[in-house]
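Here are my notes on the model, point by point. Please read them with the structure open.

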Amino acid sequence: MHNKPFSQACENNKQPIWTVLQRVFSSTKNVLEIGSGTGQHATYFAVNLPHLIWQTSDLAANHTGIQAWLSECDAPNLKAPVIFQLGQDNWPDGIFDAVFTANSTHIMQPNEAKLMMEQVGMNLPKRGVFCQYGPFNINGQYTSHSNRDFDQYLKEQGCGGIRSIEELQGWAVNLDLIEKVKMPANNMLLVWRKQTLK
């Protein structure tokens, strides 16, 4: 199918992300991806992590593009997107023991990012894993000049902007941040685990 949406960033980061996911999702069965975007990550991870059922989700406006990628991917473990916008839609049906999101937190408004941290923690089972990829600040400070410039651009576009890890920790419900993995292009993969006692 022609005219599939394409993200060069997804193409660049999918393999480094997969390296972490194959380890932290090794005992996982069902993953909900929040903000599947183009669908590139979903198709790559579903093929290369065949033990997982990968459920895509996004705003309705992005479903055609996601379906275009899914239609060319012969992976029985890859599920068609469901409509999900934080603050608008209920948590998707299904039992998910892991959640993945990439390059979505800085697009969301602060109240949406806060809702995500709350809802992921409330809906994951004990010891469930949440992997969150993107640029993040540390103690309110940018980790690079390029991230500072990117954040200014995001805010000019009406996006919420780059969030501080400590801010996310303050918003998180029943989630412990267990790893901060440095990734290419001044990004990080945050690995959160649902607390076992609450």
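**Notes on the sheet, its helices and the aromatic residues**

1. Helix 2 (residues 40-48) lies across strand 1 (30-33), strand 2, strand 3 and strand 4 (98-102). Helix 2 runs at about 175° to strand 2. Helix 3 (residues 63-71) also packs on the sheet and touches strand 2 and strand 3. The direction of helix 3 makes about 175° with that of strand 3. Keep in mind that this is a predicted model.

2. The sheet is open and has seven strands, in the order 3-2-1-4-5-7-6. Pairing is mixed. Strand 3 (78-83) and strand 6 (175-183) are the edge strands, each pairing on one side only. From one strand to the next, the twist averages 20°.

3. Strand 2 (residues 53-58) and strand 3 run parallel, joined by four bridges. Within this pair, W54 stands opposite L78 in strand 3.

4. Five aromatic pairs occur in the structure. One of them is Y44 with F45, edge-to-face, at 5.8 Å centre to centre and 70° between the planes. F45 also pairs with W54. That pair is tilted, with 5.5 Å between centres and 50° between the planes. Y44, F45, W54 and F100 form one aromatic cluster.

5. F45 is buried, at 0%. W54 is buried too, at 0%.

6. Check one further ring contact. K4 lies over the face of W69, at 3.8 Å from the ring centre.

Definitions and conventions
Residues numbered from 1 in each chain as written. Predicted model: local features only at pLDDT ≥ 70, side-chain atom pairs only at ≥ 80, totals over all residues. Heavy atoms only, no water. Pairing = 2+ DSSP bridges. Helix = DSSP H or I, 4+ residues; strand = E, 2+ residues; numbered from the N terminus. Axes fitted to C-alpha atoms, helices over the stretch in contact; angles between N-to-C directions. Contact = heavy atoms within 4.5 Å. Phe/Tyr/Trp six-rings, centres within 6.5 Å; stacked < 30°, edge-to-face > 60°. Buried < 20%, exposed > 50% of the residue type's maximum accessible area, 1.4 Å probe, protein only. Lys NZ or Arg CZ within 6 Å of the ring centre and 35° of its normal.
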